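Hi,

Here is the structure I said I would pass on. Have a look at it first, and then read on for what turned up when I went through it.

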Amino acid sequence: MVRKNKPIQFLTGKFQDTWRPIPVNKVSHIESSQKKTWFYTDDETYCAIHTLKNLKHQLPDSFLPVHRSYIVNIDYIEEISRDIASNYQLTLKDGSILPVSQNYTASVRARLGF
């Protein structure tokens, strides 16, 4: 993938009635839900104006798309396992469990080396 610009260093998200710039290395994962984009840190959940599609090309290499609704920060992955249907799922350090869709399985396995 050819990246034209330097990856973004922070995401600005809305928390209650304020906007806060958050360094991307503090973001565990990003989710698209109910036509909004949310990103998560150890402490808070923020709403962002960006779409997952746009963010996918702007984030540093430590971020990995795992599903059409999720991008995960590899540094926050605790373990990789299989669910009841034998699909992969990621357990993050905060206990969140994210599905890996079949469309992303090959790229996740290649990137994480298993």
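Let's start with the inside of this predicted model. Its largest nonpolar core has 15 residues, and those that touch the most other members are Leu-11, Val-27, Ile-30, Phe-39, Leu-59 and Phe-63. Three elements each bring at least two residues to this core: strand E1 (10–15), strand E5 (45–48) and helix H1 (52–56). Apart from it there is another core, of 12 residues, with Leu-64, Val-72, Tyr-88 and Val-100 among them.

If you skip its neighbours within four places in sequence, Phe-39 is in contact with Leu-11, Thr-12, Gly-13, Ile-22, Val-27, His-29, Ile-30, Glu-44, Thr-45, Tyr-46 and Ala-48.

Leu-59, also on the list above, sits in the loop between H1 and strand E6 (63–67). Is Leu-59 buried or exposed? Its relative accessible area is 2%, so Leu-59 is buried.

Now for the rings. How many aromatic pairs does a search of the whole structure find? It comes back with three. One of them is Phe-15 with Tyr-46, a tilted pair at 5.7 Å centre to centre with 55 degrees between the planes. This pair links distant parts of the chain, since Phe-15 belongs to strand E1 and Tyr-46 to strand E5, 31 residues apart. Both Phe-15 and Tyr-46 are buried. Tyr-46 also pairs with Phe-39, and here the rings are stacked, 5.2 Å centre to centre and 20 degrees between the planes. Phe-39 is buried as well, like Tyr-46. Put together, ring pairs join Phe-15, Phe-39 and Tyr-46 into a cluster.

You will find Thr-41 in the loop between strand E4 (36–40) and E5. Thr-41 counts as buried because its relative accessibility is 11%, under the 20% cut-off. Beyond its neighbours within four places in sequence, Thr-41 is in contact with Ile-22, Lys-26, Val-27 and Tyr-46. Two of these names have come up already: Val-27 in the largest core and Tyr-46 in the ring cluster.

Next, the hairpin of E8 and E9. Strand E8 (residues 77–82) and strand E9 (residues 88–92) pair in the antiparallel sense, with five bridges. Ile-80 stands opposite Leu-90 in E9. Five residues lie between the two strands, and Ser-86 takes a positive phi near 70 degrees in this hairpin. There is a charge over a ring here as well: the charged end of Arg-82 sits over the ring of Tyr-88, 4.1 Å from its centre.

Gln-16 has a positive phi near 55 degrees, although Gln-16 is a residue other than glycine. Gln-16 is in the loop between E1 and strand E2 (18–23), and counts as exposed because its relative accessibility is 64%. Gln-34, again not a glycine, has a positive phi of about 50 degrees. Gln-34 lies in the loop between strand E3 (29–33) and E4. With a relative accessible area of 75%, Gln-34 is exposed.

Finally, the overall picture. The protein chain has two helices and 10 strands, which follow the pattern β-β-β-β-β-α-β-β-β-β-β-α along the sequence. The radius of gyration is 14 Å, close to the 13 Å that the globule rule gives for 114 residues, so the chain is as compact as a globular protein of that length. Along the principal axes, the C-alpha atoms fill a box of roughly 40 × 30 × 25 Å. Buried residues account for 39% of the 114 residues. As for contacts between residues at least 6 apart in sequence, 44% join residues at least 24 apart.

Cheers

How values were computed. Residues are numbered from 1 along each chain as its sequence is written. This is a predicted model: local features need pLDDT of at least 70, side-chain atom pairs count only at pLDDT 80 or more; totals for chains, interfaces and linings use all residues. Side-chain values use heavy atoms; hydrogens and water are left out. A nonpolar core is a set of buried Ala, Val, Leu, Ile, Met, Phe, Trp, Tyr and Cys residues joined through side-chain atoms within 4.5 Å. Buried means under 20% relative accessible area, exposed over 50%, partly exposed in between (1.4 Å probe, protein chains only). Helices (H or I, at least four residues) and strands (E, at least two) are DSSP runs, numbered from the N terminus. Contact means heavy atoms within 4.5 Å. Rings of Phe, Tyr and Trp (its six-membered ring) pair if their centres lie within 6.5 Å; planes under 30 degrees apart count as stacked, over 60 as edge-to-face and the rest as tilted. A charge sits over a ring if NZ of Lys or CZ of Arg is within 6 Å of the ring centre and within 35 degrees of the ring normal. Two strands pair if DSSP finds at least two bridges between them. The radius of gyration is taken over C-alpha atoms; the globule rule is 2.2 Å times the number of residues to the power 0.38.
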